[in-house]
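Dear colleague,

Please find below the structure that I am handing over to you. The findings follow it, beginning with the terms used to name the parts of the chain.

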Amino acid sequence: MATETVLATAVSNGVGKACCKSGPGYATPLAAMSGPPEKLIYVTALYSGTGREQPDYLATVDVDPNSPTYSSVIHRLKMPYIGDELHHTGWNSCSSCHGDPSASRRYLVLPGLISGRIYAIDTKTDPKAPSLYKVVEPKEISEKTGLAFPHTSHCLASGDMLVSCLGDKEGNAKGNGFLLLDSDFNVKSRWDKPGHAPKFGYDFWYQPRFKTMISTSWGAPKAFSKGFNLQHVADGLYGSHLHIYKWPEGEMKQIIDLGNTGLLPLEIRFLHDPSKDTGYVGSALSSNMIRFYRNSDDTWSHEVVISVEPLKVENWILPEMPGLITDFLISLDDRFFYFVNWLHGDIRQYNIEDPKNPVLTGQIWVGGLLQKGSPVKAVREDGSTYQFDVPQIKGKCLRAGPQMIQLSLDGKRLYATNSLFSAWDRQFYPELMDKGSHIIQLDVDTEKGGLSINPDFFVDFGEEPDGPALAHEMRYPGGDCTSDIWI
C-alpha cells in the first residue's frame, strides 16, 4: 500500500447504528486479552517546538508482521493548524460503554496541549486513513469553562468525555480542572464543582465501584512549557499531590500530599479489575512508583513500593541524575506493570501479583543519557565510571530515552516512543530536533518475565517527508490497557 499524507478538513460524519448486541471494547479485562492482535497503531507526531513550520499530525503505523508495509508509517493526517503540540489521546467510547449497544468506538480524542484545541478524529470510516470530524476551538472552551491546556481524555459510560485541563489560557495552574464534552464534542461544562479544582492537573483514572476518581499533578503550563527549571519546583510551580474526587459528582473529598517522595506524580492507573481498590502512580522527578489504596473508612492512603535511585554522574547539568519515570502501564491481567526511566534509559517489568511488593522480572536499556558513546557517565562509589550497552536496531542507534509505552492486549509486545514534550526534548535530548523520534518494539516473556528487542521493528520518524518529527503517545483502533476502563 502506498504511503499517504493528507491535510485534515472537518466533515460532517453521522455515527453508524450499532450492528451487534454489545457496545465497544470488551466485557472484562481478561476478555480483552483474547482480542485480536494489533495491526495498526495511531501515533501523535509533531513539529511543534522543533523549529519546523509544519502542522502536527496523526501517524498510522503498520504493526502487522505479515504486511508488506510492516514497521512503517502508512498514513499521515495533518492537523489544519500549526503549533498544537499533540500529546495524549483517548476515545469517545471504550469498554466502559460495552453494555450500550448504541455506543461506537469511532472517534479518537486528540487534544493540542499548547494550542488548546481538541480534535475529533474519525477512525472508523477507514481505520488505515483516519479523517478529521470536528475541531473544538480553545476560545469556546475558555469562554464556557475558563479551562485551557487540555491533556488526558477518558470516555464515560454516559457517552460523554472527560478531559483534564492543566491551567487557564494564561498558563496559571489555578485555572486547571476538568472539561466535560458531550457525545458529539460539544462543550457542556466543567466537571469539577466550583471550589473543587485540583492544585495542579495532569492524568486521572476513575473507579465507579468505589465512587472515586483520582487525578495527578504536573505543573503550571507557564512553567513546564518553557522547559524544566529545578527552581520552579522550589517556587511551587510543580505538584506533588493526588486529588481524590467523589465520582461522578465532581466533589473533592481528599488531597494526598506525596511530599518529596512524590514530586511530579504523572501517570496514574487503577488495577484493571474493577473490584480492586488499589493502583499506582509514577512520580517522575522523585522516580518512585507509589501504590495508592482505599482504607476501611473510605479514605485513601499511599506507600512507595519502588524507588529508582539517582545515579552519580559526571559531565551533566547536576551531580546526580534521576531516572525520571514518565510513563507506566499495567497488563490487562494485573500481573505485571512496566515503567520507563527516560533519563537513565531503561524499561522495567515487575510482577505485581502481590501489589504491595512488586518483583523485578525484566529490565533492558534502550537509550538514555548514559549509553556508551555519550559524554555523560555514571560514577561508582570508588570513583570509576561506567555506561550502559544499548543495541542498534536495523543499523540505527537508539536516540533519547524510552518515554511513552503501549502493551499489546495479550501482554506479549511492548511498544515505546522516545519524545516527552518538545521543550523538554530540546533541553535534555537536543538530538531529537535534528534526528527525530523512533518507535521500537520489545518482546515480553509473560511466563518467567523478561524483555528483549524485536530486531525487525523500527519506525524512524527522522525520515519523515517534512523532516524529523517527534513521536509521543500510541493507540490501537480497538482500545488498549491505558485507554479502556471497566466498570
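In what follows, helices (H or I, at least four residues) and strands (E, at least two) are DSSP runs, and they are numbered from the N terminus. Please bear in mind that this is a predicted model.

**Overall form**

By that definition, the protein contains six helices and 33 strands.

Of the 487 residues, 62% count as buried. Among contacts with a separation of 6 or more, 59% are made by residues 24 or more positions apart. The accessible surface is about 17800 Å², and carbon and sulfur atoms account for 50% of that area. As to charge, the side chains include 46 positive and 58 negative ones, and the centres of these two sets are 3 Å apart.

**The cysteines**

A disulfide is a covalent bond between the sulfur atoms of two cysteines. The structure holds one disulfide. Its partners are C94 and C155, with an S to S distance of 2.4 Å. The link between C94 and C155 is left-handed, with -80° about the S-S bond. Which parts of the chain does this pair link? They are distant ones: C94 belongs to the loop between strand 5 (90–91) and strand 6 (107–111), whereas C155 is in strand 9 (residues 148–155), and the two cysteines are 61 residues apart.

Are the two partners buried or exposed? The cut-off for a buried residue is under 20% relative accessible area. C94 has a value of 1% and is therefore buried; C155 has 2% and is therefore buried as well.

C97, by contrast, is in no disulfide, and the nearest cysteine sulfur to it, that of C155, is 4.7 Å away. Its relative accessibility is 3%, so C97 also counts as buried. C481 is likewise in no disulfide; here the nearest cysteine sulfur is that of C94, 13 Å away. With a relative accessible area of 2%, C481 is buried.

**Backbone features**

Most residues other than glycine have a negative phi, and most peptide bonds are trans.

The peptide bond that joins W247 and P248 is cis, with omega about 5°. P248 is in the loop between strand 15 (241–246) and strand 16 (251–257).

D298, a residue other than glycine, has a positive phi, near 70°. D298 is placed in the loop between strand 19 (288–294) and strand 20 (300–307). Its relative accessible area is 35%, so D298 is partly exposed.

L324 is not a glycine either, yet its phi is positive, at about 65°. The loop that holds L324 runs between strand 22 (320–321) and strand 23 (328–330). Is L324 buried or exposed? Its relative accessibility is 7%, so L324 counts as buried, whereas D298 is partly exposed.

With kind regards

Terms used: Residues are numbered from 1 along each chain as its sequence is written. This is a predicted model: local features need pLDDT of at least 70, side-chain atom pairs count only at pLDDT 80 or more; totals for chains, interfaces and linings use all residues. Side-chain values use heavy atoms; hydrogens and water are left out. Buried means under 20% relative accessible area, exposed over 50%, partly exposed in between (1.4 Å probe, protein chains only). Contact means heavy atoms within 4.5 Å. Accessible areas come from the Shrake-Rupley method with a 1.4 Å probe; for residues, only the protein chains shown count as cover. Lys and Arg count as positive and Asp and Glu as negative; His and the chain ends are not counted. The place of a charge is taken as NZ of Lys, CZ of Arg, CG of Asp or CD of Glu. A disulfide is a pair of cysteine sulfur atoms within 2.5 Å.
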